[in-house]
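Keep the model in view while reading.

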Amino acid sequence: MKPFPRAEISRCALQRNLAQLRLIAPNSKVMAVVKANGYGHGLLNVAESVGKYNGGADGFGLARLEEALQLRDGGVKGKLLLLEGFFRQSDLPILVTHNIDTVVHHESQLQMLETVSLEQPVTVWIKIDTGMHRLGFSLAQFDDVYQRLQACPQVAKPIHFMTHFACADEPDNQLTQLQIDAFESKIKSLEGDCTLANSAGTLFWPSSQADWIRPGIALYGVSPLAGDKGSNHKLVPAMELVSNLIAVREHKAGDSVGYGAFWTAKKDTRLGVVAIGYGDGYPRNAPEGTPVWINGRRVPIVGRVSMDMLTVDLGADAQDNVGDNVQLWGKALAVEEVAEYIGTIAYELVTKLTPRVLVELLD
């Protein structure tokens, strides 16, 4: 029996999803976003799976310098981009040494670039705030920032440009089109590459695809749109979260189960105990009825999720046995659907798995 719980990651699914995204955005390069440990799929697992095959990713987007250095230490040679940029002036020589691009989104970063001395210039992407209002220079600030970076000898030329969408996962929300228009009004006559489209932009706003797309959640086979599934876009789940039954118990009507006697059986049944809990990253707030997949069928969670275990109602006539596999999400049970039951988003489920979960790369 394999160790459990475990997240089984399909190299084939990752590659297939990348190929599908290339079909959706045929004129764009692909900046595969692998932050947050490759969205819980394993940073090097993902980078090696989509970076070293014919038609692989053209670059990788990361949140932190430490993530980028892990990729370089792992032998990844492609373009790397720090999506949050650098935090300290001492980071800049490291970016140069390891050939890592950086976003610049704040005056403090601009000042550090203007006062540092580097062996060679660093590649910069200006982040323009077109409506997300989280990071980036305002439209009014842009011209001055661009001229200062152009005059800065520590910045490689040409300078590149990016923005980030606030509501691209709402296809009827016209804020995205306003953001696209605002971005294009600023960079239309300038040299340098552009990137606007995250997963939602790539799937639902073709005019945003530009020189580079930045797929994150879609690369892993998950739709960014509420009520949607990756399979509707010919994407395949790359992760199957699996554990096993460690007990099967007869359970009488009127008996409760778990902490707080939270659930009581209305009729005689059989309960299964699954070796996974909130200590592994499965949400404690998963409500009664949240499905798992056992032996070709859905069965509901009953009682509270505890640190190491959760309990499911197998049914009175169940023939399940200790050791049987339990899929928490994957090909048989979409993570988007599980997220809806729990009242969260699939992003959170796949990225919050703890180190207790074995991440296993499969073909």
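The model is a predicted one. H10 itself spans residues 335–342, and six of its eight residues are buried, so the helix is mostly covered, where buried means under 20% relative accessible area. Those six are Val-335, Glu-336, Glu-337, Val-338, Ala-339 and Ile-342. After H10 comes Gly-343, which has a positive phi near 85°.

Another part of the chain forms a closed barrel. Eight strands make up this barrel, in the order S2-S3-S4-S5-S6-S7-S8-S9, and their pairing is parallel. Strands of a sheet pair through backbone hydrogen bonds, in either a parallel or an antiparallel way. Strand S6 can be followed on both of its sides, as the table shows.

| Strand pair | Residue ranges | Bridges | Direction |
|---|---|---|---|
| S6 and S7 | S6 residues 124–127, S7 residues 160–162 | three bridges | parallel |
| S5 and S6 | S5 residues 101–104, S6 residues 124–127 | three bridges | parallel |

Within these pairs, Trp-125 is placed opposite His-160 in S7, and Val-104 is placed opposite Ile-126 in S6. Are the faces of S6 covered or open? Both are covered: Val-124 and Ile-126 are buried on one side, and Trp-125 and Lys-127 are buried on the other.

Two helices can be looked at next. Helix H6 (residues 107–115) packs with helix H7 (residues 139–151) at an angle of about 20°, and their axes are 10 Å apart. Angles under 35 degrees count as roughly parallel, so H6 and H7 are roughly parallel to each other. Their crossing is left-handed. On the H6 side, the residues that meet H7 are Glu-107, Leu-110, Gln-111, Leu-113 and Glu-114; on the H7 side they are Val-145, Arg-148 and Leu-149. This contact is made up of four nonpolar, one polar and three charged residues.

The last item is a single residue. Ala-247 belongs to strand S10 (residues 239–251). Which residues does Ala-247 contact, leaving aside its neighbours within four places in sequence? They are Leu-271, Gly-272, Val-273 and Val-322. Leu-80, by contrast, is 167 residues from Ala-247 in sequence and 46 Å from it in space, C-alpha to C-alpha.

Technical notes: Residues numbered from 1 in each chain as written. Predicted model: local features only at pLDDT ≥ 70, side-chain atom pairs only at ≥ 80, totals over all residues. Heavy atoms only, no water. Axes fitted to C-alpha atoms, helices over the stretch in contact; angles between N-to-C directions. Helix = DSSP H or I, 4+ residues; strand = E, 2+ residues; numbered from the N terminus. Parallel < 35°, antiparallel > 145°, perpendicular 65-115°, else oblique. Left-handed = near helix turned anticlockwise from the far one by under 90°. Contact = heavy atoms within 4.5 Å. Nonpolar A, V, L, I, M, F, W, Y, C, P; charged D, E, K, R; others polar. Pairing = 2+ DSSP bridges. Buried < 20%, exposed > 50% of the residue type's maximum accessible area, 1.4 Å probe, protein only.
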